[in-house]
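I opened a new page for this structure and wrote down what I looked up, in order.

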Amino acid sequence: MTTLSAVDLTDPEDREQQADVTRRLLYFLNAPIVEYCRLRGVLPAPGAVRIAIRAGDDENARDFLYEIPNDAVTPYYVPGLLRTVLTGPQLHSSSDVDEVKGMALIRLRPQEITPDPEPEQGRALTAVRALSGPGDDENPFLIGFLMHGDGLLRLYLQRTDRPGIVGADIRITEMPATALIASLPSLVEEDQYRQPSPDDPHCDLLVDLTNW
């Protein structure tokens, strides 16, 4: 059984990784990661993040702690990594299995695991989260969204230079679309992407970025 002293995350990159994984997994407090597997917590460890999962129904549930090295995978792929591990048989060597706080600790080797693709809802959540920061309450940029069509997400954006709401269509078949999200404030002002919005009463004009 492993005994750890208090973890001191002195490395800024470790702290950033830990915080990013924590934010990304908050969604799963209300929804199972996969059927019969629910998030119990996100814990810091030296050079790694540990994800606490309760697997099984109430009568036969077991708690697991999956350790993922910080330098092995970006936070975006952690949910997919967990889905793969939780939905299929996995073999672990004895050196990768331990016990911590009454939970079975399993040290994962991400380089040997193919992350399960992010579902559409998860990709939409990534885009929406990237555009809605806690400091934007007084002057928000993102004020609504709608998943529609096949892998399409319409973002309702408040322009900062003049009145009016822009509906921006993006594809979420592949995420993270980091460059697109970062460029949205300038892209919605470019005439080449704009078009009227006769069929959507929730915005004044549309910006088609589906092929950007």
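Entry 1. I noted that the model is a predicted one. I then listed the secondary structure and found four helices and 10 strands in the protein. Read from the N terminus, the elements follow the order α-β-β-β-α-β-β-α-β-β-β-α-β-β.

Entry 2. I looked up the extent of the C-alpha trace, which spans about 65 × 35 × 30 Å along its principal axes. The protein has 212 residues, and 43% of them count as buried. Its accessible surface is about 12,300 Å², with 50% of that belonging to carbon and sulfur atoms.

Entry 3. I checked the contacts with a separation of 6 or more: 49% of them are between residues 24 or more positions apart. I also looked up the charges, 19 positive and 34 negative, and their mean positions lie 3 Å apart.

Entry 4. I turned to helix H4, residues 178-187, and asked which residues there are buried. They are Leu180, Ile181, Leu184 and Leu187. These four sit on the same side of H4, because they cover an arc of only 115° around the axis.

Entry 5. What lies on the face of H4 turned away from the buried side? I found the exposed residues Thr178 and Ala182 there.

Entry 6. Last, I looked up what covers the buried residues of H4.

Technical notes. Residues are numbered from 1 along each chain as its sequence is written. This is a predicted model: local features need pLDDT of at least 70, side-chain atom pairs count only at pLDDT 80 or more; totals for chains, interfaces and linings use all residues. Side-chain values use heavy atoms; hydrogens and water are left out. Helices (H or I, at least four residues) and strands (E, at least two) are DSSP runs, numbered from the N terminus. Buried means under 20% relative accessible area, exposed over 50%, partly exposed in between (1.4 Å probe, protein chains only). Contact means heavy atoms within 4.5 Å. Accessible areas come from the Shrake-Rupley method with a 1.4 Å probe; for residues, only the protein chains shown count as cover. Lys and Arg count as positive and Asp and Glu as negative; His and the chain ends are not counted. The place of a charge is taken as NZ of Lys, CZ of Arg, CG of Asp or CD of Glu. The arc is that of the directions from the helix axis to the C-beta atoms.
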